[in-house]
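Please look over the chain and its fold as shown here, before turning to the report that follows.

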Amino acid sequence: MSELRKDIINGRWVILASERSKRPDDFRPAQPAKAEAPPGFCPFCPGSESKTPPEVYAIRKPGTRRDRPGWRVRVVPNKFPALNRGLPPERQEDGIFQWMDGIGVHEVIIENPDHGKELFELPLSQVQDVLETYRRRVDSIEDEFQYKYVHVFKNKGREAGASLSHPHSQIVATPIIPKGVNEELYSCERLHRLYGECIFCRIIREEIRRGERLVLDDEDFCVVTPFAPRFPFELRIYPKRHSPWFTTLAKKEMAGLARTLKTALLKQKAVLGDPPFNYYIHQGPNPHLPHEAWVNLEKSYHWHMEIIPVLTRVAGFEWGTGFYINPVMPEVAAGFLRE
Ligand SMILES: [Zn+2]
Ligand SMILES: [Zn+2]
Ligand SMILES: [Zn+2]
């Protein structure tokens, strides 16, 4: 069982995932591949279904069986989860130290059966299948009230944190709202009071009007390089229709998101030469929970995706200050990506 611990000074919770327990040796650079995974073996490839925990969801050919080949998208619990399912955890306290059991959900979405095919190389209908799978899993996990926030993300490439190269995404649901998300939620409430509208709706309008950071303007979505990006070529995908929750997407919008995401990733690849990257969805907390902390959550928060190519390293300055040095102006990055 992992444990959540709170840093009393900055209010950040961390997950101590001791089940993934490692010895100091495991952290040395340039580790040879683990003995139990012979080169070429992939637990996510069709035919290896028994090497993962049993699937919790799949889109598969009619007539094919669970945990057998025939799937197009397959979702399984993470074999080495950072958090485990369980009852709502109780906050424990010992003087100034606070912790709770590491309750949560950690799933892997295997995006397609083809080991060598990245998300942006799939036909649009299959990208849409992956996004639809995100939605189904988020919906289903949110039915369990103990999970306050469901985070969907993808790490592509070793430098971006992927330990397996078969294209996959992950979902981690936590019993608390993570600090980074909380900060956005609070800030959006404050800005809603200040500007009298959702700050994201305002940003979208402004970016489309100004155009200098606009990379793509589709019917239901737009892609921009943010005004103050932390990283070179960082991207945001904004839905034009206001909603705090990704799960509220209509079918037609889901097709639009598939097109937009695929195009954005292809542009990133064309300009940067297939870099490792991370993307994630930022959305409101579990809608089934009372969110009294945010009086205006439904009006003030606007879900979106953030895409970060891994081109630079977070180093001493950034770790120590929370300040970022970015060598590329977002207007310049947008110019390259528009072409
Ligand atoms: Zn594979
Ligand atoms: Zn909005
Ligand atoms: Zn965000």
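## Nonpolar cores

How many residues has the largest nonpolar core, and which have the most contacts inside it? The largest nonpolar core has 45 residues, and those with the most contacts inside it are Tyr134, Leu257, Leu261 and Tyr279. A nonpolar core is here a set of buried Ala, Val, Leu, Ile, Met, Phe, Trp, Tyr and Cys residues joined through side-chain atoms within 4.5 Å, where buried means under 20% relative accessible area, exposed over 50% and partly exposed in between, with a 1.4 Å probe and protein chains only. A second, separate core of 17 residues includes Ile177, Cys188, Leu191 and Phe200.

Tyrosine 134, leaving aside its neighbours within four places in sequence, is in contact (heavy atoms within 4.5 Å) with Ile109, Glu111, Val152, Ser169, Ile171, Phe246, Tyr279 and Ile281.

## Basis of the model

This is a predicted model, in which local features need pLDDT of at least 70 and side-chain atom pairs count only at pLDDT 80 or more, while totals for chains, interfaces and linings use all residues. Residues are numbered from 1 along each chain as its sequence is written, chains are lettered from A and ligands numbered from 1 in the order in which they are written, and side-chain values use heavy atoms, with hydrogens and water left out.

Glutamate 184 belongs to helix H2 (residues 179-195) and glutamate 306 to strand S14 (residues 304-309), so the pair ties together parts that are 122 residues apart in sequence. Helices (H or I, at least four residues) and strands (E, at least two) are DSSP runs, numbered from the N terminus. Glutamate 306 counts as buried because its relative accessibility is 2%.

## Helix H3

The buried residues of H3 are Ile199, Phe200, Ile204 and Glu207. Seen down the helix axis, they fall within an arc of 140° (taken from the directions from the axis to the C-beta atoms), so they line one face of H3. These buried residues pack against H2, strand S10 (214-217), strand S11 (221-224), strand S12 (235-239) and S14. After H3 comes glycine 211, whose phi is positive, near 80°.
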